[in-house]
Amino acid sequence: MNTTIEEIDGKYFATLNGEMDTAAALEAEEVLKPLYQSDGKDVIIDCTNLEYIASSGLRILLSILKGAKASGSKVVMRGVNEDIMNVFKLTGFISIFEFE
């Protein structure tokens with residue numbers, strides 16, 4: 001799992017690559033933790049190369065969303081493949097995240 005964050009034009013861009021299983025989610029959380037407080041900046045999460053997400057990864061995304069909403073920001077999921085989208089549908093996350 002490879003996770004990166006960049007700040008571009010007043011927005012945070014997070015890129016998730018690989019499989020976010022339970023072990024990888026621990027490492028990804030350390031990288032993504034700054035997004036828990038987005039300071040009013042929107043967060044774009046690029047899932048184009050995300051192959052799998054475990055419940056621990058969903059928890060991280062939910063924490064990012066809570067922090068963003070608290071500061072008036074939004075979180076946009078980008079490039080979500082069909083398998084990951086099915087996970088979002090099954091968990092009900094489809095109705096709380098914005099997708100493009």
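Start with the largest nonpolar core, which has 28 residues. A nonpolar core is a set of buried Ala, Val, Leu, Ile, Met, Phe, Trp, Tyr and Cys residues joined through side-chain atoms within 4.5 Å. Buried means under 20% relative accessible area (1.4 Å probe, protein chains only). Select Leu-32, Ile-45, Ile-64, Val-75, Met-77, Phe-88 and Phe-97; these have the most contacts inside the core.

Now colour the elements that supply at least two core residues each: strands E2 (11–20), E3 (43–53) and E4 (75–78), and helices H1 (22–32), H2 (55–70) and H3 (82–91). Helices (H or I, at least four residues) and strands (E, at least two) are DSSP runs, numbered from the N terminus. H2 gives the most to this core, six residues.

This is a predicted model: local features need pLDDT of at least 70, side-chain atom pairs count only at pLDDT 80 or more, and totals for chains, interfaces and linings use all residues. Residues are numbered from 1 along each chain as its sequence is written, and side-chain values use heavy atoms, leaving out hydrogens and water.

Zoom in on Phe-97. Leaving aside neighbours within four places in sequence, Phe-97 is in contact (heavy atoms within 4.5 Å) with Leu-61, Leu-62, Leu-65, Val-75, Met-77 and Phe-88.

Next, show the sheet. It is open, with five strands in the order E1-E2-E3-E4-E5 and mixed pairing. Two strands pair if DSSP finds at least two bridges between them. E1 (2–8) and E5 (98–99) stand at the edges with a single partner strand each, so one side of each lacks a neighbour in the sheet.

Pick E3 and E4: they run parallel, joined by four bridges. Asp-46 has its bridge partner, Arg-78, in E4.

Note on methods. Buried means under 20% relative accessible area, exposed over 50%, partly exposed in between (1.4 Å probe, protein chains only).
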